[in-house]
Amino acid sequence: MYKYLREDVKKLKPYQVNEIKYKIKLDANEGIDWMDGLNKYPDDTCKSLREKLGERLNRKPSEILIGNGSSELIGYIMNAYLEIGETVLSIWPTFSMYEIYTIINKGKYRKFPLKDMVDLDVTAFIDLAKESKAKLVIISNPNNPTGTVISMEDIRRIISSLDAMVILDEAYIEFSDLPIEDYTREFENLIVLRTFSKAMALAGIRLGYMIAHENTIDCVNRIRSPYNVNTLTQDVGIKALDKHEEIDKNIEMVKSERERIRSYMESKGYRPLPSQGNFLFFKGTKDLGSKLANKGVLIRGFGGELEGYYRLTIGTVEENNGFIKGFEEVLNETEQSY
Ligand SMILES: *Cc1c(COP(=O)(O)O)cnc(C)c1O
C-alpha cells in the first residue's frame, strides 16, 4: 500500500537490472566462470521461483516478493514503511526479532500481553493500536514461542479495523489447523510472511517470501538490496516445491509427535500450552535447561519475564525419545536431591 510508505522512500525507484537478451555479457564486472556458472549474479527478482510459488498459492508473481529468509523481509517492511518514532505493535510474548528490527529502524515497540500467554483480547488490542497510532501491527500466527493461534475471524477483525499495515507472520502455518489461503486480495493493508525454514525444513538455505497487494510489493522492492537471494538458494527452493509428498509426511509426523510429547509432559505434571507449531512451550524449573544441556540435550530457555519457561522443538522420533530420556534423568536426579 502506497498510503503508509515512508516519505523519503516515495522518491526511490526499485533498482533495475538489465534483462536484455545477450550473446556476450560484459556489463556487470562478473569474473570468468570456473564453477557451475556461479560467476553470474543471481536473478535479481527470483522470477522462476515467484512463478512457481504463484502457481501454488494461486497468486500472480507480482504479488510475491522473495527474501533471504523471512527475517530479512520483516526488516525490509520496516525500512519501507516505518518513520522514526512511529509505533510497531505486537503481542507478548512473541518472536524477539520484531522488537530488534523496530529498534534498528528507530521505531517505538509496543507489546500487548496475551491473557495467560494464550488468549488475545481483540477489542483491547485494536484500541491500543489506534491509541498508539501504530503504523505496523505484526502478529506471529501460530505464535512463536507459545504455539498458540489467533482465529482467522479475530485476525480479520484486526485487519479491517485498523488504519495500519498488518503483517501476519505465518512461519508455522503448515503445522496448524488455520486455513492455508491468504487474504491479501481482500485487504490491501495485509502482508503475509511465509518461510522455507520450518515445515519445509530448509533453514540452511535462507529463503522466505511475502504475499501482498502488488503495490505493497512495489513499495518493498524500492528498498530491497539488489540480488538479495543467491542462486543456490533459488535453485534449491524451486526443486523443493516439487517434493511435496516428503514434506507433507514430515509435517504429519511432527504433529503426531507433538501430541505424544505433550501427553508425556502432562503425565509428568507439566502443562505445555496448546501448540499448533512444531514446538511446545512450558514452564519448568529455573535450572531445567542447564541440567538438560549437561546431558547434551538442548531446549530453548528464556530470560527476563520468561525466566523458567522453555520451548522444545519437536524433532524425529529418535530425537524426541532422546529428550524424554534426558528429561527423565533430570527429574529423577532432582527427586533424589531432596
Ligand atoms: C523461524 C521464524 C521466522 C523465520 O525465519 P527465517 O528468517 O525465514 O528463517 C519468522 N518468524 C517467526 C515467528 C519464526 O519463528
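I take a polar contact to be a pair of N or O atoms within 3.5 Å, where within protein one atom must be able to donate a hydrogen and the other to accept it, and where residues adjacent in sequence count only if both atoms are side-chain atoms. I am working from a predicted model, in which local features need pLDDT of at least 70 and side-chain atom pairs count only at pLDDT 80 or more, while totals for chains, interfaces and linings use all residues. I number residues from 1 along each chain as its sequence is written, and side-chain values use heavy atoms, with hydrogens and water left out.

**Ligand site**

I then listed the shell, counting a residue as near if one of its heavy atoms lies within 4 Å of the molecule. It holds 14 residues, of which Ser71, Asp169, Thr195, Ser197 and Lys198 come nearest to the ligand. By class the shell divides into 4 nonpolar, 7 polar and 3 charged residues, with Ala, Val, Leu, Ile, Met, Phe, Trp, Tyr, Cys and Pro taken as nonpolar, Asp, Glu, Lys and Arg as charged, and the others, Gly among them, as polar.

**Cysteines**

I searched for disulfides, defined as pairs of cysteine sulfur atoms within 2.5 Å, and the count came to 0. Cys46 is in no disulfide, and the nearest cysteine sulfur to its own, that of Cys219, is 19 Å away. I class residues as buried under 20% relative accessible area, exposed over 50%, and partly exposed in between (1.4 Å probe, protein chains only). On that scale Cys46 is buried at 1% relative accessibility, and Cys219 is buried at 0%.

**Salt bridges**

I found 27 salt bridges in the whole structure, each a side-chain nitrogen of Lys or Arg within 4 Å of a carboxyl oxygen of Asp or Glu. I looked at Glu328 and Lys268, whose closest N and O atoms are 3.2 Å apart. Glu328 belongs to helix α11 (residues 317–336) and Lys268 to the loop between α9 (244–267) and β8 (279–283), so this pair ties together parts 60 residues apart in sequence. Helices (H or I, at least four residues) and strands (E, at least two) are DSSP runs numbered from the N terminus. Glu328 is partly exposed with a relative accessible area of 25%, and Lys268 is partly exposed at 34%.

Also in α11, Lys325 and Glu329 are 4 residues apart, about one helical turn, and their side chains form a salt bridge at 3.4 Å, N to O. Lys325 is exposed at 55% relative accessible area, whereas Glu329 is partly exposed at 29%. Shared partners join Lys295, Lys325, Glu329 and Glu333 into one network of salt bridges.

**Strand β2**

Last, I checked Thr87, which is found in strand β2 (residues 87–92) and is buried, with a relative accessible area of 6%. A polar atom of the Thr87 side chain lies 3.2 Å from the backbone oxygen of Ser132.
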